[in-house]
Structure formats: C-alpha cells, structure tokens
Amino acid sequence: MTPTKNARRSHHHWRHDLIELAALFTAVVVADTIAKTIAKGPDGPYLLVFSAIALVATAAFHTWWARRHSHAPPVDDPGGSGPAPLPPAVRSGAAPDGDPAGTVLWRMRTTVRDTPGSLAALCTVLARHGVDILTLQTHPLAEGTVDEFLLRAPAALQTSELTRAVAAAGGRDTWTERADAHDLVDTPTRVLGLATRTALDAAELPLALRQLLGRCTIHSVPPVSLTGRPTGEPAPVEGVLEETVMRLRDPNGGTIVVERPHLPFTPTEFARARALVELDARLGSRIPRSRDVFTLPEGNEITVRRADQRDLTAARAMHDRCSSRTLGLRYHGPVGDADRYLDHLLSPRFGRTLAVQTASGRVVALGHLLWDGDETEVALLVEDDWQRRGIGSELLGRLVALAVEAGCDSVYAVTQSSNTGMVAAMRALNLPLDYQIEEGTLVITARLDGRPATAPETTPDAAADAPTARRARR
C-alpha cells in the first residue's frame with residue numbers, strides 16, 4: 001500500500017474514533033438527564049418507556065445505515081470510488097497454478113450502450129472480481145461503444161465467470177484473449193513504434209498491420225496475376241470496411257486484404273490501418289541498406305544484403321545464367337515470364353529478399369522470406385557455378401533469423417522429395433521439423449518456438465545449396 005493510502009486510512013480512523021467518543025459523551029449526558037427527571041417528576045415511568053422506544057429505534061437505524069455504507073469510500077476520497085471486496089484467493093495472497101504473482105493478463109473487448117454510467121457499471125463489476133484495469137480504449141460505433149481493456153485478473157478467475165459478470169453489467173459480444181508483457185505498452189507508444197518500423201522498411205507494413213490489429217490474416221493481392229490476368233476490382237483510395245474484412249489500396253498497386261473472422265473491425269481500427277498504409281505510400285520504396293561480408297571456404301569474400309524491385313535487372317541476369325535443372329528445382333518447372341515473377345518476389349509487400357553478390361557486384365544467389373497469410377515460406381535460388389560453397393546454408397540461416405525477428409511461429413520450405421540436400425540444410429538449423437509429402441512434393445516446416453535462429457553449419461552435400469521449389473499457387 002502506498003504512503004498516501006496509509007495516511008488516508010489513518011486519517012479516516014482518527015475521525016471515526018473522535019465521532020464514537022463524542023457519541024459516548026452525549027449518551028452519558030442524556031442518560032444522566034433522564035435519570036434525574038424520572039427521579040424527580042411524576043411522569044417518570046412514561047418517560048422511561050419513551051426513552052426505551054427511542055433507543056431501540058436509534059439502534060435499528062444505526063444498524064441499517066452501517067450495513068448500507070459498510071463499503072462506502074472515505075469522505076476525502078477524491079475519486080469517489082473505494083476498493084471493492086476481493087475474492088478469497090486475492091485476499092489471502094494465494095498464488096494459484098504456481099504463478100508467483102497470482103495474477104494473469106487478459107485482453108478483453110465488449111460492446112456497451114452509449115449511455116451515461118454504462119462504463120462505470122462495467123468497471124464496478126470488474127473491481128468486485130478483483131480485476132485491475134491497466135489500459136482502456138474506446139471505439140465509438142453508430143450504436144453503442146466498443147470498450148477494449150487490458151486487465152490484470154486473479155489467476156483463479158475463470159473467463160466464463162468474467163464473461164457472465166460483464167454480460168450482467170450490460171456488455172455484449174464479449175471477447176477475451178490471454179495477453180503478455182508486450183501488451184503493457186500504451187496504445188500511442190505502440191502505434192508510434194509501428195510507424196517507425198514501417199518508415200524504415202517497406203517490408204514491415206504487413207507485419208505492422210498484424211501487430212496493430214491483433215490476430216488477423218493479411219493478403220497482398222497484386223493488380224494482375226503472374227499469368228497477366230486481373231485479380232479483381234482494386235480497392236478505392238479510401239479503402240473498404242466490411243465488418244470482419246477490410247480492403248486497403250496498396251501503394252505499390254493492388255490491394256491489401258485484412259481478415260479477422262473472430263472479431264469485427266471497428267471504424268477506429270480501420271482509420272488507424274489506413275493511416276499506416278498512407279504513411280507507407282508517402283515514403284515510397286525503401287529497405288535497409290546494411291551489408292554483411294563473409295568469407296567462403298575457398299577464401300572468396302561475398303556480400304549479403306537486402307534486395308527489392310530495384311534489383312530486378314541483376315536478378316534477371318542471374319536467372320539467365322542458371323541451368324534449366326536449377327530453375328526447375330526452384331519453380332517446379334519452367335518459368336514463362338521471369339520478369340513478372342521476379343518483380344512479384346522482390347516486392348517488399350510479399351516478404352523480404354536477401355541477395356548475395358560478389359566483389360564485382362554480380363548477384364549470384366537470392367533468398368526469399370515470403371508472407372503467406374498466417375504462414376511464412378523460405379525459398380532459395382543459387383547460381384550453378386556458386387553451388388556447393390555454403391551459400392544456400394548461409395542464406396537459409398539468415399532468413400530464419402529474419403522470421404524470428406518478425407515474430408513468426410514457423411517457416412516452411414517446399415522442395416522435391418529427392419532433394420536430400422535441402423533436408424540436410426533444414427535439419428542443420430537445429431529446430432523442430434515437421435515433414436509432409438504429397439505426390440512427390442516435400443513440405444518441411446521448422447517450428448521456431450520463439451528461439452533465436454543461428455546460421456547452420458555448412459553441409460558438404462552438393463544438393464544442400466539446391467534451390468527449393470515453391471507451391472504451385474505462387
């Protein structure tokens with residue numbers, strides 16, 4: 001308890017004792033006066049009966065008043081709301097389920113009527129259950145208001161009990177989800193951080209939108225498919241909001257589609273997402289220009305850097321130097337329109353690309369980390385003359401590190417089942433792997449589990465540097 005609260009409590013007890021003492025003296029004076037009157041006056045018995053009735057009535061009124069105001073706040077409480085009674089688990093300081101603090105963090109969202117007192121009723125119910133409100137956001141609607149809370153609740157409190165209590169206080173469409181320490185950052189600070197990340201790297205926009213809007217799926221739809229067909233009607237400049245789906249105009253062309261089936265978007269969230277996309281549009285093309293130099297086993301130095309659509313010419317030249325077998329392993333067949341395909345892959349809207357270049361500036365390998373809705377794919381292409389030198393393993397380790405940095409739960413690679421080298425490279429990551437084979441196509445999924453990725457050891461197998469194939473839909 002803070003010193004201020006201790007001072008208030010001591011002050012409250014001092015006033016209470018003073019009142020009790022005054023009441024005691026008053027009772028003594030009244031009793032003495034009545035006793036003298038009864039002893040000297042002819043109507044003494046009647047006065048005695050009247051006094052008894054008055055005493056009983058006063059005692060009954062005092063009992064009623066004490067019960068009604070037993071939990072009332074102190075008079076000098078400026079907030080006007082005193083502490084609510086806590087559940088037994090909280091009062092006893094117990095720590096259920098081994099939690100040393102005895103509390104858990106929750107994110108809760110509920111819709112209430114837009115009337116005076118509706119939020120106060122909700123907060124009162126939360127206080128009665130020992131729930132502490134850490135942050136609160138309000139999202140105005142045409143009818144009602146969506147209140148979004150970050151709560152610290154007793155670990156023993158069940159979500160079903162909390163939901164019932166919120167419903168009794170007027171909340172509807174209540175949604176709860178476990179939170180963690182990252183959610184303790186206030187909303188303005190978090191939004192500014194996401195805007196900064198987006199300003200530094202165009203590839204951060206899909207990730208920033210996902211962190212801004214919570215658990216959702218984001219698809220970047222280009223204006224035309226890889227075969228040249230239109231993919232659909234582009235979103236208007238101001239975007240479209242349809243309850244659980246929002247469509248935003250992509251500054252690079254096409255549409256950004258955000259879906260959250262479990263929870264409708266509010267106009268406030270739509271405005272925030274649109275502002276983030278507008279920031280991306282005003283800043284134009286940008287990626288970090290950091291470069292890492294490492295030495296190959298034979299002593300040659302090569303550079304690994306981020307790449308984007310400005311590297312299209314160099315990437316196409318590398319394609320032309322690759323053999324049909326290498327391109328076939330990478331794309332599951334011949335590439336009809338390499339320019340359009342590479343333009344799609346190099347776009348920061350669909351992921352991040354690493355390029356490997358020699359001292360002369362020639363690009364000899366590309367590694368892609370591709371956002372695929374809720375999943376993340378890794379794909380490699382290494383020029384024939386530069387295979388079997390550890391370049392593919394180096395790229396794979398760096399791509400997985402980028403996936404960990406982006407908060408991805410897993411990454412997958414698609415290749416042919418006969419490509420034992422790619423399997424060896426994935427196993428060298430020292431991460432849990434899942435395998436799935438469908439008609440000769442092998443999908444290897446590495447579960448990151450929040451562990452930092454390290455560059456894998458170089459494998460001597462020639463196939464380890466063979467580029468992976470991609471799903472047919474890409």
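Biologist: Which residues line the largest cavity?

Modeller: In this predicted model, the lining consists of Trp106, Ala153, Pro154, Leu157, Gln158, Thr159 and Leu162. Residues are numbered from 1 along each chain as its sequence is written, and side-chain values use heavy atoms, without hydrogens or water. Because the model is predicted, local features need pLDDT of at least 70 and side-chain atom pairs count only at pLDDT 80 or more, while totals for chains, interfaces and linings use all residues.

Biologist: Why is this space called a cavity, and the other one a pocket?

Modeller: On a 1 Å grid over the protein atoms alone, a cavity is a set of points where a 1.4 Å probe fits but cannot get out, whereas a pocket is an open set with protein on both sides within 12 Å along at least five of seven lines, and lining residues have an atom within 4 Å of a point. The structure holds one cavity of 30 Å³ or more, and the largest cavity has a volume of about 30 Å³, the volume being the space filled by probe spheres set on points that are joined across faces, edges and corners. The second largest pocket holds about 1200 Å³, and among its 38 lining residues Asp183, Arg210, Gln211, Gly214 and Arg215 are the closest to its centre.

Biologist: What makes up the two linings by class?

Modeller: The cavity lining has five nonpolar, two polar and no charged residues, where Ala, Val, Leu, Ile, Met, Phe, Trp, Tyr, Cys and Pro count as nonpolar, Asp, Glu, Lys and Arg as charged, and the others, Gly among them, as polar. The lining of the second largest pocket has 10 nonpolar, nine polar and 19 charged residues.

Biologist: Which element gives the largest share of that pocket lining?

Modeller: Helix α7 does, with five residues, helices (H or I, at least four residues) and strands (E, at least two) being DSSP runs numbered from the N terminus. In the largest cavity, β3 and α5 (159–168) each supply at least two lining residues.

Biologist: How do you know where confidence is lowest and highest?

Modeller: By pLDDT, the predictor's confidence in each residue, from 0 to 100: helix α3 (residues 88–91) has the lowest mean, 39, and strand β11 (residues 351–357) the highest, 92. The chain averages 76, and 70% of the residues score at least 70. Over residues 69–100 the pLDDT stays under 50, as it does over residues 450–474. Where pLDDT is low, the predicted coordinates should therefore not be read in detail.

How values were computed
Contact = heavy atoms within 4.5 Å.
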